[in-house]
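Colleague: I am new to this structure and would like to go through it with you, one question at a time.

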Amino acid sequence: MARAKTPTATSPGQQPPSGVKAPGKKPAAPAGRRAGPDPDADAPRGQGDELQQQAGGPRPRLTTNQGLVVADNQNSLTSTPRGPALLEDFILREKITHFDHERIPERIVHARGSAAHGFFELKKSLAKYTRAKLFTDVGTRTPVFTRFSTVAGGAGSVDTPRDVRGFAVKFYTVEGNFDLVGNNIPVFFIQDAMKFPDVVHSVKMEPDRAFPQAASAHDTFWDFISLTPESMHMVMWQMSDRTIPRSLRTIEGFGVHSFRLLSDKGESTFVKFHWRPKLGLQSTVWDEALKLQAADNDFHRRDLFENIQAGNFPEWELGVQLFTEAEADTFPFDHLDPTKIIPEALVPVQIIGRMVLDRWPDNFFAETEQVAFCPANIVPGIDFSNDPLLQGRLFSYLDTQLIRLGGPNFHQIPINQPKCPFANHQRDGHMQMQVPKGRVNYEPSSLQDDSPRADARAGFRSHATLPDDGAKGRVRPESFADHYSQARMFFRSLEAPEQAHLASALVFELSKVETPRVRERTVGHLLHIDPSLAQRVADGLGLDALPPAPPAAVPPQDMPPAPEVRIIGRMRVTLEHRCVGILIDEGSDAAALKALRKAAEAAGATVKIVAPRLGGAVLSDGKKQPADGQLAGMPSVLFDAVAVLLGEAAGRKLAKESAAVDFVAFAWAHLKAIAHDSGAAPLLKAGNVGKDAGIVDASDAKAFIAAAGTRQWAREPKLRTLA
Ligand code: HDD
């Protein structure tokens, strides 16, 4: 059927095709015509123009990548208004081509991450041990970019699975970039980089079915783990509450490997790096972590963003453990084995500075996605150890950036560039951004005085390490053979609730494993770690009998407890930089709300108002209080503590509203404090909320603040069966 041909907009200079009405007079819009943004316009206009005018003020003009000003960003060029698009439309082609290439390969591990800018400030000089200026010049602030990540999930996966968290810091020092690429756990699954592709393949989604995403609770992971005894210490940490953190602001970070510090005289001291959160450690309970996945996929990213935007800058102390080669020789384990920690009773952690993250990136892709960390990025005064995992990493990261960022010039991307001068004779390659001048791109040379030269005094020098005795070969050192002693030390050092969580986590994960022999093989290893743990997990799985323990190359030794591995006791009892949710509805007590909010804010918390309607509710004083979130979309898992202030009628109504019942029931189940008034009593009853030190009268703001700063561990045994 022939239809009227109606233009919707034209570009300046473009004449309307003959026989077509010029824009400016409103033609009847025929059915099925192309949608145009503004058929009434005298001049070509689109939605973009309107938005610009609404926002007001001059704007930069939209151009192509060649700088050509674009007249119409709404319509492609067609032979007639309803005719085919023309290949000639270079503006459309440029735009679509660029869009088609917007994605780059995501990281094979640590794909999902969030990052922030900040600084590291040195408080205590390590000049005796190193000439690295970032560790000698007290008071100096070195800019940093820090990226946190989960390990197993893809870039679009959730923030709160049970998983290790990456903790990677790029220090832009005056002597070049130093990357401390660590995790929130101080040990690793494997001892040798040769096994890295295997452990990663096993934890990622299974290759034939492409699930589960971002989860270790499946057959291939536990198959690998149960055949890899060296992973047992890390498995204890992984199954502990460390891998379900409440916030990225409440995790520790560890450099994992031993590195070397080198003094001016070339003397070497080993060092392990520790990041300690100023807010203390805090984790979720497992049910809370699961519900957070549904409530907010971006929970950790949003938490980091909102706190930085609010000026609640997250802060960590940097600590070091320093020890000599001679001291290392006395340890009952090999410090070059990345499955071992150095207990703090053996080598204390000294705090030397602090890191503050105070600026959210301007652009996620340009910075957080394109940042390229590499453990080989070190500065004079720091060197590697022979840890075989570290040695493999020194190769892998540069290699991965070549494929991920597309070529050898990724160091020129602004987020990766050193902030000190850099110059060499490397040239050309994909995406070369620099325009080097002159004839000389080689050395030795005599044609150009300003061509860069090596500097033996200021430059990087490796430690002159003496070779070990022994033959070349593919061997695992005997000193790496004890796989269970530190796993036992970890488990036995935990507080009782933490031990129960760990056992429950193992039961949860292994219950998802379909192959009985994999489950049983894993429980067999637990016998070496702690027979009571093996029994709890076997009972939780419903095994008829304990499986045999596999042979242990070295029988486990009892080590003194290491209290530093606990979370309980290392959480700060505070509401500082935490978030309180207050549920209100029509008729809520205005004075009580005001008092509670004031007290929570004075304690350093952010307060968010939750109501059945986003528009809010009219309070007892007749004034309308807008809400920050609607009840169904803002459940209590999002808060560290909650309060419920309800008038009599609203309390009775919400007691029949499942989102409101869940609000209080889950706060109770997740061991959080709840302040309430008498109007909220029917709701608390409907949510089966019991009584304990965490359930307080809303009029007692002081008691609420004290209870809200912590979790009610004593409540837990009343609520769920712990393995
Ligand atoms: Fe790795 C990324 C931490 C062992 C190979 N790793 C990556 C990131 C962190 C870690 C935090 C993300 C960096 C970012 O935010 O961009 N990796 C560790 C720790 C390890 C470890 C603490 C053990 C102590 N990694 C390890 C080994 C290998 C790799 C043994 C290979 C032999 N890691 C990589 C990688 C990644 C990576 C494939 C993926 C994306 C990237 O490097 O930039 O090269």
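This is a predicted model: local features need pLDDT of at least 70, side-chain atom pairs count only at pLDDT 80 or more; totals for chains, interfaces and linings use all residues.

Colleague: Which element gives the largest share of the shell around the ligand?

Modeller: The ligand is surrounded by 25 residues, and the closest are Arg107, His110, Arg147, Gly166 and Ser396. Two or more residues of this shell come from each of strand 2 (141-150), strand 3 (165-173), strand 4 (176-183) and helix 10 (388-404). The largest share is six residues, and the element that gives it is helix 10.

Colleague: How many residues of the shell around the ligand are charged?

Modeller: The shell divides by residue class into 13 nonpolar and nine polar residues, with the charged ones as the remaining class. The number of charged residues is three.

Colleague: Why is strand 3 described as largely enclosed by the rest of the structure?

Modeller: A residue is buried if 20 or more other C-beta atoms lie within 10 Å of its own. On one side of strand 3, Arg165, Phe167, Val169, Phe171 and Thr173 are buried, and on the other Gly166, Ala168, Lys170 and Tyr172 are buried. Strand 3 is largely enclosed because the buried residues number nine of nine.

Colleague: How many residues lie between strand 3 and strand 4 in their hairpin?

Modeller: Strand 3 is joined to strand 2 by seven bridges in an antiparallel run, with Thr150 opposite Arg165. Strand 3 also pairs with strand 4, again antiparallel, over eight bridges, and Ala168 stands opposite Val181 there. The hairpin of strand 3 and strand 4 has between them two residues.

Colleague: In the six-stranded open sheet, which strands stand at the edges?

Modeller: The sheet has the order 15-12-11-16-17-18, with parallel pairing.

Colleague: Which residue in strand 17 is the bridge partner of Ala643?

Modeller: Strand 16 (residues 641-644) is joined to strand 11 (residues 579-583) by four bridges; Gly581 stands opposite Val642, and Leu583 stands opposite Val644. Strand 16 also pairs with strand 17 (residues 674-676) in the parallel sense over three bridges. In strand 17, the partner of Ala643 is Ala675.

Colleague: Are the residues on the two faces of strand 16 buried or exposed?

Modeller: One side of strand 16 carries Ala641 and Ala643, and the other carries Val642 and Val644. Both faces are covered, and all of these residues are buried.

Colleague: Which helices do the buried residues of helix 4 pack against?

Modeller: In helix 4 (residues 219-226) the buried residues are Phe221, Trp222, Phe224, Ile225 and Ser226. Their packing partners are helix 3 (196-203), helix 5 (232-239), helix 12 and helix 13 (516-529).

Colleague: Is Phe508 buried or partly exposed?

Modeller: Phe508 lies in helix 12 (residues 496-511). Around Phe508, 16 other C-beta atoms lie within 10 Å. The cut-off for buried is 20 or more, and for exposed 12 or fewer. Phe508 is therefore partly exposed.

Definitions and conventions:
Residues are numbered from 1 along each chain as its sequence is written. A residue is near a molecule or strand if its C-beta atom, placed from the backbone, lies within 6 Å of it. Ala, Val, Leu, Ile, Met, Phe, Trp, Tyr, Cys and Pro count as nonpolar, Asp, Glu, Lys and Arg as charged, and the others, Gly among them, as polar. Two strands pair if DSSP finds at least two bridges between them. Two residues are in contact if their C-beta atoms, placed from the backbone, lie within 7 Å.
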